[in-house]
Structure formats: structure tokens, C-alpha cells
Number of protein chains: 2
Amino acid sequence: MSTNSPEQSRKNLNRFLAPRSIAVIGASDRPGSLGLRTMRNLEAYSGRLFPVSRRLEKIGDHRCYASMDDLPDAPDCAILAVPAAAVEAEVEACARRGVGGCVVFASGYGELDDAECAAAQKRLRDLAGEAGMRLLGPNTTGFANFALGAHAGFAEFPGGVADGGKGIGLVSQSGALGLALAQSAEHGTGISHVLTCGNSADIEVADLVSFLTDQPEVGAIALTFEGINSPERLIEAVRNATASGKPVAICRVGVTPAGASAVRWHTGTNPHVDYPWDENLAQAGASIVRGAERLVETAAFLAKTADLARPSAAPAVAILSSSGGSGILAADGATAAGVPLAVFSDETSALLAQELPSFASPRNPCDATAQATANPPMVTRCADILLSDPAVDCLVLPWGKAWDSGQFGALSDLVEAHGKPICLVWMSQWLEGPGADAAEATKRLCVFRSIAGCFSALATWRKADSA
Amino acid sequence: MSTNSPEQSRKNLNRFLAPRSIAVIGASDRPGSLGLRTMRNLEAYSGRLFPVSRRLEKIGDHRCYASMDDLPDAPDCAILAVPAAAVEAEVEACARRGVGGCVVFASGYGELDDAECAAAQKRLRDLAGEAGMRLLGPNTTGFANFALGAHAGFAEFPGGVADGGKGIGLVSQSGALGLALAQSAEHGTGISHVLTCGNSADIEVADLVSFLTDQPEVGAIALTFEGINSPERLIEAVRNATASGKPVAICRVGVTPAGASAVRWHTGTNPHVDYPWDENLAQAGASIVRGAERLVETAAFLAKTADLARPSAAPAVAILSSSGGSGILAADGATAAGVPLAVFSDETSALLAQELPSFASPRNPCDATAQATANPPMVTRCADILLSDPAVDCLVLPWGKAWDSGQFGALSDLVEAHGKPICLVWMSQWLEGPGADAAEATKRLCVFRSIAGCFSALATWRKADSA
């Protein structure tokens with residue numbers, strides 16, 4: 001094996017991250033071990049699984065192999081659940097065997113301020129590179145491709161996408177942060193992939209974005225990263241993704257001097273502090289997110305609106321609230337984010353006035369008052385009136401108490417009918433209270449947990465700048 | 001009754017908001033009616049309850065009275081669950097009878113752009129004022145004093161405080177926003193009071209802050225408001241509260257031109273757009289909060305740290321994470337908020353190095369790596385080491401996955417031992433996943449849902465400016 005052409009490398013990346021066969025080197029039955037945790041994560045895997053263990057003959061129903069050389073075929077993916085001292089020999093064995101790519105969990109490489117450790121990492125990269133084999137890590141928690149049940153890692157990434165739907169492809173350099181974000185799946189966010197790359201000796205976030213761009217089950221990409229070899233490669237990958245109808249939300253880690261210097265001793269990668277990240281990522285069509293807690297909801301918004309036509313400037317919003325206070329907060333939030341409030345036509349105001357109680361306001365923000373709770377279909381009718389106004393590009397509903405009005409489906413249908421997004425801002429501090437999961441699971445309804453997060457996403461929801 | 005002295009007014013405010021007897025005018029058994037919803041909310045009320053109904057003889061076990069004049073005693077609180085057309089006559093009856101104060105639910109007063117409605121509101125205020133009687137509303141959802149079970153309103157405010165503890169006194173001009181915020185009680189936040197004042201014809205948020213300042217079960221005050229008669233009265237009330245050991249967190253509504261003009265048609269109160277709110281509130285010792293979703297968590301932080309000595313400048317923080325990525329995000333957040341990262345002493349670094357795995361970092365931010373999950377007591381020992389360093393004023397723990405480590409109590413004990421706060425930032429997007437409620441219920445552990453919210457609160461956690 002010495003085909004190290006770029007094409008072979010790309011081919012092996014796809015082979016590796018959508019594997020039809022996986023070897024677990026260091027497979028184990030010892031409680032708490034990485035080898036056992038990895039085997040358990042692969043219980044739902046649809047492909048062929050080869051546990052590699054010198055000590056065991058079987059793990060569960062799976063026959064074990066004593067070494068990579070004993071496998072019947074070269075697996076698409078090999079997971080190295082072995083200590084750092086054993087990694088290099090196993091990477092060599094994988095390269096020799098023609099494996100598509102390796103996952104290396106072990107720490108103690110480029111993230112340490114130590115020349116010897118950095119050299120060891122470079123040797124792994126070169127071994128893989130010479131064979132055209134790909135390498136994820138070291139210092140990674142691995143990856144999960146939920147469509148295949150291929151959870152090639154030791155962490156407990158939750159995920160999966162409701163039948164026929166598209167999900168969020170989550171890319172995180174940090175494994176633990178990736179897990180924290182992936183846990184949004186626990187309340188129904190569709191997650192198609194969780195891909196983490198740690199020290200990024202070979203595969204870095206740019207490669208992972210490119211991989212996700214080609215996956216049909218991906219609706220949008222959520223990316224968090226701290227350092228990279230080449231900023232330009234990432235910009236290019238993001239540009240390709242957005243141009244291919246896979247919008248990208250990005251939360252950068254290490255944006256301040258204190259953060260950037262900590263990047264050095266976390267993954268040992270280069271944060272490129274002087275690179276104009278925000279400008280270039282935005283020009284490539286990405287939605288920049290401030291605050292990790294806003295990343296997944298922003299990606300979900302992008303996935304649910306991916307096929308709607310974006311306006312050429314920030315969308316003019318109509319605000320329809322069941323609480324004057326929340327409506328005013330939303331007007332504040334729109335203004336602060338540079339998102340204009342739509343000016344309703346006289347017809348719209350007249351139609352609203354027919355629907356609303358006499359003490360409610362047909363202006364923007366439109367306060368439907370507590371009557372919204374007493375009469376949920378009224379809210380849907382008002383939403384229809386507002387989305388019919390050509391001056392309105394998008395509707396924002398600050399949603400008061402935790403509550404399922406029974407109208408989520410009807411609101412989603414309005415999005416389809418008008419081709420304009422509806423964003424529901426969950427104002428209740430009962431964060432996962434009644435209606436929260438249902439709203440999020442509704443096909444076209446975009447849910448945000450803060451007004452600032454909603455308008456920050458809407459501010460970027462416009463046609464990409466022509467370069 | 002014509003004692004309208006300021007002392008009588010103050011006395012009646014306390015009498016009204018901590019009532020030993022409540023009359024419900026317009027008490028009803030009609031499903032969905034405000035009269036029935038209010039009666040139901042008073043099921044746990046510990047005082048005497050007088051339903052007033054011309055039509056009914058009894059509601060449940062309670063004998064009804066045909067009018068206010070038929071009551072055996074003048075109640076401390078009268079709730080007017082009647083249409084606007086009947087309000088004025090009932091307010092007159094209450095004033096005549098010597099009631100402490102009235103809650104007026106009805107809308108259609110000063111919030112409308114209508115001189116007649118404004119005049120009607122003024123008449124209510126004058127009727128109450130001449131009798132020294134207090135008036136909450138109109139256009140209010142009422143109030144709840146959970147210690148007494150006195151839920152004098154038609155909304156479903158949840159609340160209550162675990163035995164012996166102190167809670168958050170929540171003041172919101174907007175009733176629906178108050179309900180959305182009060183729903184934090186559903187996952188264990190201790191809420192002692194929810195007080196909403198709507199159009200604020202008489203009682204405004206300044207009065208409510210003053211009332212809460214005197215209540216022993218209040219640990220901190222959370223305030224959201226949009227307009228007020230006199231900014232100076234509120235500043236004075238906030239200054240008194242903070243000086244009395246009741247810290248105040250404030251989220252202002254209507255801070256932009258678009259928001260401020262919407263205030264006009266929501267409650268018809270004056271937002272005083274040109275008043276230097278932030279400067280003066282901060283000087284009065286309040287913690288200014290941007291984003292309604294951060295208000296209750298900030299107030300909970302203030303309640304849990306109320307008796308700890310604040311530093312004279314923004315506290316120097318130590319960051320201890322179980323994920324390098326989260327630690328870096330925290331370092332970014334501290335820097336962005338102007339909160340300094342503590343520089344650890346050599347002794348601290350040496351002690352940390354003994355605890356941490358070799359590939360972890362004893363610097364700030366300190367990444368305990370995934371070993372933190374494998375070995376929770378190690379985190380507690382590191383926290384002890386960090387809080388022992390005189391350079392550290394406060395510890396921030398970005399908490400990775402949703403998980404109860406079993407160490408929350410031990411961490412809380414460290415806060416008591418060192419007299420320094422510990423803030424746990426819930427990074428998981430499983431918002432109410434395992435451990436979330438337990439962390440929040442832990443006496444001294446402060447929980448935030450975002451890094452930005454945590455450091456925004458810490459930035460204000462310093463000794464009040466000397467005026």
C-alpha cells in the first residue's frame with residue numbers, strides 16, 4: 001500500500017467515516033475500559049465488526065482476532081483503543097493491512113509542550129500519509145455516523161434522525177464539548193453525525209466539513225473548533241458546503257488571547273489568531289455563533305430553512321407575542337442585532353385588528369395578549385396574515401409559558417405555504433417543559449432558547465455575498 | 001377611611017402583599033373564568049378567604065358573600081375578577097370598606113392610546129389613594145406570596161422554597177413574562193414571591209422591591225420592568241435592597257427605540273429612555289442582566305452568595321473543566337466580560353500537578369480532562385486546592401455532559417469553607433438532563449446555562465461603589 005494520491009486520501013476519508021467494516025484494536029471485556037465502552041457503542045452497528053484482542057477469543061457474539069494480520073479483510077475503519085505506547089505499532093499494522101483510516105484515542109502527543117511527544121504525533125501522521133490511510137486524532141473521542149450505527153468512539157454520543165428527515169452533522173475538535181452539544185439529541189434534535197478530531201494530526205475539521213457536505217442525511221453542519229493547519233482549507237470547505245445547500249453554523253473556540261493560548265496546551269493546534277476568521281467565514285456563507293449554547297439551535301434553524309429563499313439583506317421580521325413584555329424584548333433584540341422590524345401594510349393591520357382582542361395591538365411587535373392562550377387558532381390566523389404581507393420575511397413568536405398550543409403543525413404548514421421561516425423563542429425557564437420537545441420536533445418550526453440567539457441567527461440569514 | 005398618609009400607604013402595602021384575608025370579587029364556578037382560576041390558585045392559602053358573588057351561595061367549601069359590605073371584616077386583599085365596566089364601583093366599595101389593597105385584572109386602561117381609558121385609570125388610582133388603599137394593576141395577572149399560599153392571581157405561577165431556605169423574589173411588570181420566568185420553579189429554583197404590576201397605576205416595581213427587601217424568605221430579587229413613574233424611586237429602592245443584604249438582578253425591557261415605543265402600547269408606562277439606567281442601577285448595587293433567560297439564574301447566584309464577602313474589583317476566577325474545549329470557551333468568556341483569570345501560585349500548580357493526570361494542564365484554565373468523569377473526587381480536591389489560593393476569588397466549572405458526579409454536596413461545602421463562590425456552567429444541551437436539578441438544588445452551587453451569562457454575573461460581583 002503506497003497510494004498516497006489526494007484522490008486515494010479523499011476516497012479513504014469517505015470509506016473511513018461511512019465504514020462497512022470496523023476493527024476494534026484493544027477490544028476488551030474489562031468494565032470501564034475504552035475497549036469495552038467502544039464495543040458497547042457499536043452494538044447497533046450495521047456493518048462487519050472485528051474485535052482484535054490477543055487475550056480474548058470472543059466478546060459477546062463476536063469472534064476476536066489476535067492481530068490485524070489475522071483479519072479476513074482490511075477494514076474500512078480501525079479503532080485503536082490501546083495505550084499510547086502501543087499506538088505506533090498498531091498504526092503501522094493498519095497501514096500495512098490497507099485500512100481506510102484509524103481512530104486514535106490516546107493522549108500525550110502534540111497537546112503537550114514536549115518535543116518528543118510532538119515528534120511521535122508527526123510519525124503517526126507520516127505513517128498514515130505514506131499509505132494514503134486517514135487518521136483521526138490522536139487525543140480524540142472518535143466519531144459517530146448514526147445512519148450506519150457506526151459509533152466509533154468511547155464517549156456516549158447520543159444521536160439519530162427521525163425517519164426520512166435530515167439531521168445536524170456536528171463537528172467538534174473537542175470530544176467532550178462535542179458530547180455536551182450532541183446531548184441536544186436527548187430532547188429530540190435530529191443529529192446525523194458527531195465527528196471529533198482532537199489533535200488533528202491528519203484529519204482536521206475542514207476534512208470533516210467536506211465529508212458532511214456529501215452526506216444526504218445532513219441538513220446543516222454545526223462546527224466548533226479551536227485550531228487548524230490551514231485556515232484557507234476550512235474557508236474553502238465551508239464555501240463548498242453552503243454552496244451545496246448544506247448551511248454551516250460555527251462557534252469558534254479560543255477567540256481571546258487567554259483562550260488562544262489555552263488552545264496550545266489543549267490540542268496543540270494553531271488558532272491563527274491574526275486570521276480574519278469572522279469576515280472570511282461569513283463571506284463563505286457561514287452563520288457565526290457566539291456562545292456554544294446557541295450552536296445546535298442555530299444549526300437546527302439552518303437545517304429547517306435550508307430550502308427557503310433567503311432575502312438579500314437581513315430579513316424584516318414580524319413579532320407576534322402572547323405577552324407584551326416578551327414582544328418588547330424581541331423588538332429590543334431585533335434592533336440590537338440589526339434585524340429590521342417589518343412595517344405592516346394597512347391591509348395587514350386591518351386584518352389583524354379583526355382577529356385580535358380590542359385591547360391588543362396590531363402594530364409590530366404585535367401583542368396578541370393572554371387571549372393567545374385562550375384561543376390558539378387565533379395565533380395561527382394572525383401568523384398567516386403576517387406571513388402574507390410582502391413586507392414580512394420572517395415571523396418570530398416569543399413563546400411564553402411552557403405549553404403545547406396544539407398549533408405547532410399548523411404553523412409549520414404556514415412556513416411551507418409562504419416559504420418564510422417561523423422562529424419560536426422559548427421564553428419559559430421550564431427549559432424542557434410541556435411543548436418544548438414537540439415544538440422542536442415540528443418539521444418547520446425553528447426553536448431558540450434566547451431572543452439574542454434567535455436574532456443573531458436571523459441577522460445572518462441572507463443571500464451569501466457575491467465574492 | 002381617609003388616612004392617606006405615606007405611613008398608612010406603606011403599612012397597607014405590607015398588609016396587602018402578605019394578606020391574612022383575601023376577598024375574591026367575581027368568584028365563580030364557571031370553567032375558564034378568571035373568578036374560578038383565581039379561586040383554584042387560592043386552594044393552598046393559609047388565611048381567611050371570602051368569595052364575593054351575587055349569584056352563588058357557596059364555591060367548594062367556601063360560603064359566598066353577596067357584596068363587600070356583607071363581609072364580616074375588611075380583608076387585607078381584594079381581588080377584582082370582574083370586567084372593566086364593574087371595576088370602578090368595586091374599587092369604591094373596597095375603599096369604603098377599608099381594604100388593604102386591590103388587584104385589578106381588567107385591561108383597557110392606560111395601555112390604550114385613548115384619553116378616556118387613561119382617565120378611567122386615573123380615577124381608580126385616585127379612589128385608592130384617597131383611602132390610603134393600595135392598587136395593583138390594572139392589566140395585571142396579580143401576585144403570589146408562596147410562604148402564605150397567597151396566590152392572588154389567575155395565572156399559574158409555580159413557586160415555593162425548600163424548607164428553611166431562601167428564595168428569589170420575582171418582580172415583573174409584565175404578567176406573562178413573570179410566568180415564563182417563574183416556571184424555573186418547575187426544575188427546582190426556589191421562588192418565594194412572584195409580583196406583577198401591569199399598568200402600575202399605583203403600585204409600581206419600586207414598591208414591590210421595597211416590600212421584598214423586608215421579607216425574611218427572600219434571598220435575592222429578580223426584577224424585570226419596562227416603565228415607571230419615577231426612576232429615582234426605583235434607584236432608591238434598589239439601593240436599600242442591596243444595602244440590606246437583598247441583592248438585585250435586573251433585566252430591563254424596552255431598551256431600544258423600537259422596544260421603548262412598544263412599551264407605550266403595552267402598559268402605557270414611561271420607559272424614561274434618556275435616563276442613565278445602567279449606570280445608576282449599577283451604582284445602586286444591582287447586577288444588570290442582558291437577556292431574560294439569564295435573569296433567574298443570576299438572581300439565584302446572588303441569593304446563594306449573598307453572605308459571602310465580595311472582592312473590591314471583578315473577581316479573579318479559576319477555571320476547572322473536564323473538557324479542554326469548554327475550559328477555553330470559559331477563558332474566552334472571562335476575557336470578554338472583563339473578568340480576570342487568576343494566576344495560580346507555584347504551590348497551587350504543584351499541588352494540582354499531583355492530582356491531575358500527566359497530560360492535563362495545571363494552568364488556568366485548568367483542564368482536568370475526561371479523567372474528571374472517571375474520578376469525581378479528584379475534581380473536588382482540585383477545587384479545594386484552587387479555592388485555597390489567595391489569588392483565586394471564585395471557581396468556575398464548565399460542566400460537560402449532563403451528569404450528577406455525586407460531588408455537588410462536597411463542592412457546596414467547599415464554598416462554605418473558603419467563603420468563595422463556585423459557579424457550574426451547564427454546557428450540556430440536554431438542558432434538564434441528569435444532574436441539572438440536583439446541581440441547582442445544592443445549597444451553595446450556582447448554576448448558569450451559558451458561559452456568557454456566568455461571567456456577566458461575575459463581572460458585577462464586587463463591592464458596591466462608594467457613592
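Predicted model: local features only at pLDDT ≥ 70, side-chain atom pairs only at ≥ 80, totals over all residues.
Two residues are in contact if their C-beta atoms, placed from the backbone, lie within 7 Å.

Chain B can be superposed on chain A with an RMSD of 0.0 Å.

How many residues does the contact take from each chain? Chain B gives 68 residues and chain A gives 68 residues. On the side of chain B that touches chain A, four helices of chain B give two or more residues: H5 (175–182), H8 (257–266), H11 (324–337) and H17 (451–459). H11(B) makes the largest contribution to that side, with 11 residues. By type, the side of chain B that touches chain A splits into 30 nonpolar, 28 polar and 10 charged residues. Of the interface residues of chain B, 100% are also interface residues in chain A, so the copies meet through the same surface.

**Overall form of chain A**

Chain A holds 17 helices and 19 strands. Its radius of gyration is 24 Å, close to the 23 Å that the globule rule gives for 467 residues, so chain A is as compact as a globular protein of that length. The C-alpha trace of chain A spans about 80 × 50 × 35 Å along its principal axes. Of the 467 residues of chain A, 61% count as buried. Among contacts in chain A between residues at least 6 apart in sequence, 75% join residues at least 24 apart.

**Domains**

The domain assignment divides chain A into domain 1 (6–136), domain 2 (157–304) and domain 3 (317–459). Taken over C-alpha atoms, the centres of domain 1 and domain 2 of chain A are separated by 24 Å. Their contact takes 15 residues from domain 1 of chain A and 11 residues from domain 2 of chain A.

Which elements supply the domain 1 side of that contact? In chain A, helix H1 (6–17), helix H4 (115–131) and strand S7 (134–136) each supply at least two residues. H4(A) gives the most, with five residues. The domain 1 side of chain A that touches domain 2 of chain A consists of seven nonpolar, four polar and four charged residues.

**The seven-stranded sheet**

Seven strands of chain A form an open sheet. Their order is S9-S8-S11-S10-S12-S13-S14, and the pairing is mixed. Strands S9 (150–153) and S14 (287–288) of chain A stand at the edges, each with a single partner strand, so one side of each is left without a neighbour in the sheet.

| Strand pair | Bridges | Facing residues |
|---|---|---|
| S10 (167–172) and S11 (191–196) of chain A | five, parallel | Ile168(A) and Ile191(A) |
| S10 (167–172) of chain B and S12(B) | six, parallel | Gly169(B) and Ile221(B) |
| S12(B) and S13 (248–252) of chain B | five, parallel | Leu223(B) and Ile250(B) |

Is strand S12 (218–225) of chain B mostly covered or mostly exposed? Strand S12 of chain B is mostly covered, with eight of its eight residues buried.

Conventions: Residues numbered from 1 in each chain as written. Chains lettered and ligands numbered in written order. Least-squares fit on C-alpha atoms with pLDDT ≥ 70 in both. Nonpolar A, V, L, I, M, F, W, Y, C, P; charged D, E, K, R; others polar. Domains from an automatic or database assignment. Rg over C-alpha atoms; globule rule 2.2 N^0.38 Å. Buried ≥ 20, exposed ≤ 12 C-beta atoms within 10 Å, placed from the backbone. Pairing = 2+ DSSP bridges.
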